[in-house]
Amino acid sequence: MDFNITGTMIWYYYICPRQVWLMSHGLEPDQDDENIRIGRLIGKIAYEREKKEVDITTGKFDILRTEKGRLVVGEIKKSSRFVESASKQLLFYLLQLKEMGIEAKGELLIPEERKKIEINLGEKEEREIREAMANIEKIALENFPPLPQKNKYCKNCAYAEFCWA
Ligand code: SF4
């Protein structure tokens with residue numbers, strides 16, 4: 001199977017590996033625009049960097065600015081419910097940017113909880129994301145999905161009926 005690991009897959013991986021398999025096999029519960037829009041943005045940053053003029057004003061991350069010459073990308077979330085997945089997804093984007101030669105840091109803002117979480121891609125984080133990517137690939141290449149395991153996200157999961165009916 002030929003497929004690219006996306007930020008959405010990283011997100012799902014940290015919620016439930018079974019979702020990764022279902023999604024990578026085309027069983028998407030709903031279309032996710034966010035992944036496409038961020039993918040496009042990263043492409044745009046890379047392109048503009050080639051031209052030596054990263055235009056951060058047209059970005060589609062919720063947060064996109066420079067701070068002391070360093071790019072800051074981030075997302076605004078309504079609650080910290082999915083904060084682990086959101087952090088890992090942001091780390092994945094930071095890794096993609098790094099591979100394009102762009103050092104950036106991440107920021108997650110949760111205004112309703114007055115929280116600001118800084119996300120930095122250190123060696124440990126990079127190792128973890130690369131490992132997650134390898135695991136995602138392994139899961140996706142399996143012939144069958146991992147068995148469902150009840151977790152705190154099942155209740156609101158779009159696959160719930162499929163898993164537990
Ligand atoms: S219902 Fe639960 S086990 Fe099934 S895909 Fe969703 S989170 Fe995973």
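Guide: In this predicted model, a residue counts as exposed when its relative accessible area is over 50%, and as buried when that area is under 20%.

Visitor: Why is K68 called exposed?

Guide: The relative accessibility of K68 is 87%, which is over the 50% cut-off, so K68 counts as exposed. K68 is found in the loop between β1 (63-67) and β2.

Visitor: What makes the backbone of K68 worth a remark?

Guide: Its phi angle is near 50°, a positive value in a residue that is not glycine. R114 likewise has a positive phi, near 50°, and is also not a glycine.

Visitor: Where does R114 lie, and why is R114 called exposed?

Guide: R114 belongs to the loop between β3 (104-110) and β4 (115-119). With a relative accessibility of 80%, R114 passes the 50% cut-off and therefore counts as exposed.

Visitor: Which elements make up the protein, and in what order do the elements run?

Guide: The secondary structure consists of six helices and four strands. Starting from the N terminus, the order is α-α-α-β-β-α-β-β-α-α. Of the 165 residues in the protein, 41% are buried.

Visitor: How many aromatic pairs does a search of the whole structure find?

Guide: The search finds four aromatic pairs. In one of them, Y13 and Y14, the ring centres are 5.1 Å apart, within the 6.5 Å limit, and the planes stand at 90°, over 60 degrees, so the pair is edge-to-face.

Visitor: How do you know whether Y13 and Y14 are buried or exposed?

Guide: Relative accessibility is 18% for Y13 and 14% for Y14. Both values fall under 20%, so both residues count as buried.

Visitor: Why is the pair of F82 and Y153 assigned to its class?

Guide: The ring centres of F82 and Y153 lie 5.4 Å apart and the planes meet at 20°, which is under 30 degrees, so the pair is stacked. This pair links distant parts of the chain, 71 residues apart: F82 is in the loop between β2 (70-76) and α4 (83-99), and Y153 is in the loop between α5 (123-141) and α6 (160-164). Together with W11, F82 and Y153 form one aromatic cluster.

Visitor: Why do F82 and Y153 receive their accessibility labels?

Guide: F82 has 28% relative accessibility, between the 20% and 50% limits, and so counts as partly exposed. Y153, at 13%, is under 20% and therefore buried. The C-alpha atom of F82 is 8.3 Å from that of I15, although the two residues are 67 apart along the chain.

Visitor: What sits over the ring of W164?

Guide: The charged end of K150 does, 4.0 Å from the ring centre, where the distance limit is 6 Å.

Visitor: Which residues are around the ligand?

Guide: They are C16, Q19, P148, Q149, N151, C154, C157, Y159, A160, C163 and W164. The largest share of this shell, three residues, is contributed by α6, and the ligand sits in the largest cavity.

Visitor: How does the shell around the ligand divide into nonpolar, polar and charged residues?

Guide: Eight residues of the shell are nonpolar, three are polar and none is charged. Cys, Pro, Tyr, Ala and Trp count as nonpolar, so residues such as C16, P148, Y159, A160 and W164 are in that class.

Terms used. Residues numbered from 1 in each chain as written. Predicted model: local features only at pLDDT ≥ 70, side-chain atom pairs only at ≥ 80, totals over all residues. Heavy atoms only, no water. Phe/Tyr/Trp six-rings, centres within 6.5 Å; stacked < 30°, edge-to-face > 60°. Buried < 20%, exposed > 50% of the residue type's maximum accessible area, 1.4 Å probe, protein only. Helix = DSSP H or I, 4+ residues; strand = E, 2+ residues; numbered from the N terminus. Lys NZ or Arg CZ within 6 Å of the ring centre and 35° of its normal. Near = heavy atom within 4 Å. 1 Å grid on protein atoms, 1.4 Å probe; cavity = no way out; pocket = protein on both sides within 12 Å on 5 of 7 lines; lining within 4 Å. Sits in = over half its atoms within 2 Å of the grid points.
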